[in-house]
Amino acid sequence: MIIERPAAFVTPEFLIRLATESWEIGGAASLRHRTFVAEQAIFADHDRDAIDRTALPLVAVSTMASEADEVVGTVRIHEESPRVWWGSRLAVAPEYRRVGRLGAELIRLAVGTAHARGCTTFLAHVQMQNVPLFEKLSWRSLGEQDLHGHPHMRMQADLAAYPPVINPARGWMALTRSAA
């Protein structure tokens with residue numbers, strides 16, 4: 001008799017939207033801390049900075065029985081100067097990094113939301129291992145930079161590839177690869 005260990009359950013559906021509830025904002029902050037402080041050790045104590053005061057937090061929320069469950073992905077966006085927006089602190093929980101397109105969906109929401117708010121230039125500093133993902137999503141490299149002691153690529157989104165997202169709080173449902 002062969003007894004196989006069952007795979008951990010991963011929900012097939014995710015909500016991709018602007019964080020509007022306090023538990024979503026808290027979940028995004030917690031995920032950022034786990035990713036950038038505990039896992040990657042980019043920051044010693046916390047990853048919070050002045051940008052958080054004005055940034056819009058976007059989230060990927062897992063669902064259970066079609067109800068929102070927990071924040072499993074996040075990114076923040078902010079307008080640095082008129083019509084110039086930045087995305088930063090993109091994070092996906094480790095157990096969800098290979099199950100779907102959560103990073104890509106968050107990028108789509110980030111750029112589309114800024115686009116709807118008048119953005120003409122959308123930029124990000126991307127960790128080097130993530131550059132191929134951004135290139136597949138119509139971003140171009142502008143040059144390598146060191147941030148917090150780690151190499152990053154400064155990149156710019158092709159806004160023509162991102163339709164404006166008028167209501168980011170409504171967002172949309174995304175499926176895992178196996179459910180799609």
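A residue is called buried when its relative accessible area is under 20%, exposed when that area is over 50%, and partly exposed in between, with a 1.4 Å probe and protein chains only. The structure described here is a predicted model, in which local features need pLDDT of at least 70, side-chain atom pairs count only at pLDDT 80 or more, and totals for chains, interfaces and linings use all residues. Residues are numbered from 1 along each chain as its sequence is written, and side-chain values use heavy atoms, with hydrogens and water left out.

Helices (H or I, at least four residues) and strands (E, at least two) are DSSP runs, numbered from the N terminus. Two strands are said to pair if DSSP finds at least two bridges between them. Strand 1 runs antiparallel to strand 8 (residues 172–175), to which 4 bridges join it; here Leu 15 has Met 173 as its bridge partner. Strand 1 also pairs with strand 2 (residues 56–64), again in the antiparallel sense, over 5 bridges, and Phe 14 stands opposite Ser 62.

Phe 14 leads on to the aromatic rings. Rings of Phe, Tyr and Trp (its six-membered ring) pair if their centres lie within 6.5 Å; planes under 30 degrees apart count as stacked, over 60 as edge-to-face and the rest as tilted. The whole structure holds 3 aromatic pairs. In one of them, the ring centres of Phe 14 and Tyr 96 are 5.6 Å apart and the planes stand at 90 degrees, so this pair is edge-to-face. Because Phe 14 belongs to strand 1 and Tyr 96 to the loop between strand 4 (84–92) and helix 2 (102–116), the pair ties together parts that are 82 residues apart in sequence. Phe 14 and Tyr 96 are both buried.

Phe 134 and Trp 139 make another edge-to-face pair, since their ring centres are 4.9 Å apart and their planes lie at 85 degrees. Phe 134 has 6% relative accessibility and therefore counts as buried; Trp 139, at 6%, is buried too. Together with Phe 122, these two residues form one aromatic cluster. A ring also takes part in a contact with a charge, which sits over a ring if NZ of Lys or CZ of Arg is within 6 Å of the ring centre and within 35 degrees of the ring normal. The charged end of Arg 108 sits in this way over the ring of Trp 172, 4.1 Å from its centre.

The open spaces come next. On a 1 Å grid over the protein atoms alone, a pocket is an open set of points with protein on both sides within 12 Å along at least five of seven lines, and lining residues have an atom within 4 Å of a point. Grid points are joined across faces, edges and corners, and a volume is the space filled by probe spheres set on the points. The largest pocket holds about 1,100 Å³. Its lining has 46 residues, and the closest to its centre are Leu 90, Ala 91, Gln 127, Asn 130 and Phe 134. Strand 4 gives the most to this lining, with 7 residues.

The second largest pocket holds about 160 Å³. Its lining includes Ile 25, Arg 32, Asp 52 and Thr 74. Helix 1 supplies the largest share of this lining, 4 residues.

Key: 1 Å grid on protein atoms, 1.4 Å probe; cavity = no way out; pocket = protein on both sides within 12 Å on 5 of 7 lines; lining within 4 Å.
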